[in-house]
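User: I'm new to this one. Can you walk me through it?
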Amino acid sequence: MAALALGAGLIGAATLGAQDAIETLPVKGQVSMVAGAGGNVTVLDGPQGVLLVDAGRQGMSDALLAGVRRITTRPIHFLLNTTGDMDHVGGNLEVGKAGRPAPGSNQAASPNTPIYAHENVLNRMSLGKGGDPMLEIGYWPTVTFFTAKRTLYFNNEPIELIWQKAAHTDGDLLIFFRLSDVVSAGDVLNTTSFPVIDLTHGGSIQGEIDALNRIIDITVPRLNQMDGTRVIPGHGRICNEADVVEYRDMVTIIRDRVKTLADQGKSLEDVVAARPAYEYEPLYGTDKAWTTRQFVEAVYRSLKPAERTSRQ
Ligand SMILES: [Zn+2]
């Protein structure tokens, strides 16, 4: 602690506090994780350099990069965004500036790390879609695509960027590291809360369930439903397939209950009062930024889009 305080003398107390909150964890193969800078940040480290999935919040970049440097000192050559949320793209500018394109790549002429994302993330950030603040251009993704999948090959690792068209938002990517056997799931999977179905940004309950099923398609358990493929959630702890199955089942059960009540003509208030997420509330309902009520309401409005505007 004394050595840390001494070394951090010039950085100041606020930054020191931020760095204290950062946690680095090995995941599997060439993949590690940095937690505490916003959304979880996935770190692929190999002989060719570093690829990061997500960049944390604005103002956390120094702490995040210090965390990455605890894992590796190799140059950062790629940054991928799983969503356009500020806790995942807020560090794009600083993290982008901290690295540089891979030698010989298409982007080699640029001074900064290329930022990959789905086109809908760029639209959201550049046009302020859904009422978002328009971040300056340095935060925007520099390489976008609109197809179902894009691939990269880096550090002997085949990497799949798999678009989920309407899950948490309309721009979610699952990042599958095929050699290391790791999926970075972004906010499709949050072990600390119910999934955030962001209707304003194109999310839907059916797309969320589809995305969880897509993860389960990819994952292979090693023995007794344990070990095997690792899944890094947007927030919370590292998972295996059984964890994702349990989460998918929870979301599906709540969806079915809400649907049954909605099909009976129940109002949103009736559905909320029926507590369709009752037994899951202690586990997932404690997040003040995404409460049980917000989740149930999002499921209801996702199932009954005509009532999104007619009811409050
Ligand atoms: Zn998030």
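Analyst: Helices (H or I, at least four residues) and strands (E, at least two) are DSSP runs, numbered from the N terminus. This is a predicted model: local features need pLDDT of at least 70, side-chain atom pairs count only at pLDDT 80 or more, and totals for chains, interfaces and linings use all residues. Residues are numbered from 1 along each chain as its sequence is written.

User: Which strand holds Lys-149?
Analyst: Lys-149 belongs to strand β8, residues 149-154.

User: Is Lys-149 buried or exposed?
Analyst: Exposed, because 12 other C-beta atoms lie within 10 Å of Lys-149. The cut-offs: buried means 20 or more other C-beta atoms within 10 Å, exposed means 12 or fewer, and partly exposed is in between, with C-beta atoms placed from the backbone.

User: What does Lys-149 touch, leaving aside neighbours within four places in sequence?
Analyst: Glu-160, Leu-161, Ile-162 and Trp-163. Contact means C-beta atoms, placed from the backbone, within 7 Å.

User: OK, zooming out. How many helices and strands are there?
Analyst: The protein has 12 helices and 12 strands. Its radius of gyration is 20 Å, close to the 20 Å from the globule rule for 312 residues, so it is as compact as a globular protein of that length. That radius is taken over C-alpha atoms, and the rule is 2.2 Å times the number of residues to the power 0.38. Buried residues are 46% of the 312.

User: Now the helices. At what angle do α7 and α8 cross?
Analyst: Roughly 160°, with the axes of α7 (residues 205-218) and α8 (residues 241-263) coming within 10 Å. That makes α7 roughly antiparallel to α8. Axes are lines fitted to C-alpha atoms, for helices over the stretch in contact, and angles run from 0 to 180 degrees between N-to-C directions. Under 35 degrees is roughly parallel, over 145 roughly antiparallel, 65 to 115 roughly perpendicular, and the rest oblique.

User: What kinds of residues make that contact of α7 with α8?
Analyst: By class, 9 nonpolar, 2 polar and 4 charged. Ala, Val, Leu, Ile, Met, Phe, Trp, Tyr, Cys and Pro count as nonpolar, Asp, Glu, Lys and Arg as charged, and the others, Gly among them, as polar.

User: And how do α8 and α11 cross?
Analyst: At roughly 60°, with the axes of α8 and α11 (residues 292-303) within 10 Å. That makes α8 oblique to α11.

User: Which residues meet there?
Analyst: Ile-254, Arg-255, Val-258, Lys-259 and Ala-262 of α8 meet Val-296, Val-299, Tyr-300 and Leu-303 of α11. The contact of α8 with α11 has 7 nonpolar, no polar and 2 charged residues.

Note on methods. Two residues are in contact if their C-beta atoms, placed from the backbone, lie within 7 Å.
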